[in-house]
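Keep the sequence and the structure side by side as you read. We will go from a strand pair to a helix, then to the cores and the salt bridges.

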Amino acid sequence: MRAMPLTLALLLALAAPGPAAAVDASAPPPRANAQMVEGFDAPILTRKVDGTVVIAPDGSVKAYHREPDAELPASVATSLDALVRGWRFEPVVIDGRAVEASTRMRVTLAARAQGKDGYAVGIDNVTFPPNPKAIDVGPLQPTVSMRGNGHGIHLPGALAGAGIDMDLLVHLRIGADGRVVDAMVSQTSFLNATGGARQFGKVAKQVEDAVLRASRRWRFDVSWPQGASPTGPTYDGAMPVSIRFDNPKVDAVNVWNTEVRSAKRIPSWVRAEDGDRLAGVSDLRDGEVAGAHSPYRLRSAVRGVSL
């Protein structure tokens with residue numbers, strides 16, 4: 001769980017101009033990210049804990065089942081289970097009536113250094129990722145998948161050979177034809193790396209620009225289940241993009257990852273009341289696409305609560 005050093009000299013070398021990515025000159029420029037070079041948080045350890053929650057018509061938690069995780073400390077698991085069972089949700093309403101609903105739920109934990117050798121563990125975020133097993137009982141949600149193979153991201157040469165593992169969360173507006181109408185990188189994370197905010201910012205800008213260039217060519221299939229109708233002319237969602245260099249431990253299930261994250265940016269097209277509920281870069285796994293407007297909403301204030 002210790003961070004592997006990424007030296008200042010290496011970061012500065014990576015920030016130097018590299019070979020340009022192949023981009024269609026006739027395409028419009030990518031959407032500019034607000035405050036692209038900005039402060040990065042201190043390193044933290046994060047871990048995703050998946051489970052299923054049953055929400056009663058009054059918004060209380062009727063049942064919670066956490067997926068087995070032998071490596072999660074027993075004290076953390078016990079505290080989390082007890083905490084979740086006391087949460088309150090906004091009632092789930094279908095056809096004007098509050099109903100019982102069951103959905104997949106992910107609790108992202110964050111461990112921050114405390115004292116010389118200790119860590120304080122708390123809740124970083126709670127999200128409701130797409131459910132590949134289709135066990136949700138509640139509002140019908142679409143299935144979103146990317147066409148083709150790979151993201152088609154062309155990194156500058158210096159970055160491509162540097163061996164840096166990164167995650168980026170891209171917010172997308174997808175039109176009825178599957179094309180990306182708008183895109184922005186809302187958060188970037190460096191995995192198992194150390195360095196200064198300015199150096200992280202320079203590298204992040206180059207990678208974020210490359211991802212936005214690639215997003216012009218992405219195509220998606222958005223399939224609504226029988227009985228459900230599109231909620232608008234576009235589907236608004238978030239998708240993680242992972243930059244990996246032969247480090248399988250980073251993507252292993254039920255492990256702690258050391259992250260250095262940028263501040264979260266809220267897309268201009270997201271409703272103000274939804275901004276605080278959006279997934280962050282630590283919340284989704286590669287291949288998942290989560291909608292920006294989840295029908296499941298917590299009343300309880302849970303972010304930052306200690307376990």
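Two strands pair if DSSP finds at least two bridges between them. Strands (E, at least two residues) and helices (H or I, at least four) are DSSP runs, numbered from the N terminus. The model is predicted: local features need pLDDT of at least 70, side-chain atom pairs count only at pLDDT 80 or more, and totals for chains, interfaces and linings use all residues. Residues are numbered from 1 along each chain as its sequence is written, and side-chain values use heavy atoms, with hydrogens and water left out.

Start with β1 (residues 44-55) and β2 (residues 61-66). They pair in the antiparallel sense over five bridges. Find Thr52: its bridge partner in β2 is His65. Five residues sit between the strands of this hairpin, and Gly59 takes a positive phi near 95°.

Now move to helix α2 (74-85). It has twelve residues and reaches 17 Å from its first C-alpha to its last. That is close to the 16 Å expected at 1.5 Å a residue; the expected span is 1.5 Å times one less than the number of residues. Which residues of α2 are buried? They are Val76, Ala77, Leu80, Asp81 and Val84. Buried means under 20% relative accessible area, exposed over 50%, and partly exposed in between (1.4 Å probe, protein chains only). Seen down the axis of α2, the buried residues fall within an arc of 130°, so they line one face of the helix. The arc is that of the directions from the helix axis to the C-beta atoms. The face turned away from the buried side carries the exposed residues Ala74, Ser75, Thr78 and Ala82. What covers the buried residues of α2 includes β1, β2, β5 and β6 (118-127).

Next, the nonpolar cores. A nonpolar core is a set of buried Ala, Val, Leu, Ile, Met, Phe, Trp, Tyr and Cys residues joined through side-chain atoms within 4.5 Å. The largest has 30 residues. Among those with the most contacts inside it are Val170, Phe190, Trp218 and Phe220. The elements that give it two or more residues are β8 (165-175), β9 (180-191), α4 (197-215) and β11 (234-243). The largest share, eight residues, comes from α4. Phe220 touches residues including Val144, Met146, Leu172, Ile174 and Met239, not counting residues up to four places away in sequence; contact means heavy atoms within 4.5 Å. A second, separate core of 28 residues includes Ile55, Phe89, Val107 and Ile123.

Finally, the charged pairs. A salt bridge is a side-chain nitrogen of Lys or Arg within 4 Å of a carboxyl oxygen of Asp or Glu. How many does a search of the whole structure find? It finds 15 salt bridges. In one of them, Arg47 meets Asp69, with the closest N and O atoms 2.9 Å apart. Arg47 lies in β1 and Asp69 in the loop between β2 and α2, so the pair ties together parts that are 22 residues apart in sequence. Both residues, Arg47 and Asp69, are buried.

Arg104 forms a salt bridge with Asp50, the closest N and O atoms being 3.2 Å apart. Arg104 lies in β5 (residues 101-114) and Asp50 in β1, so this pair ties together parts that are 54 residues apart in sequence. Arg104 is buried, with a relative accessible area of 11%. Asp50 is buried too, at 6%.
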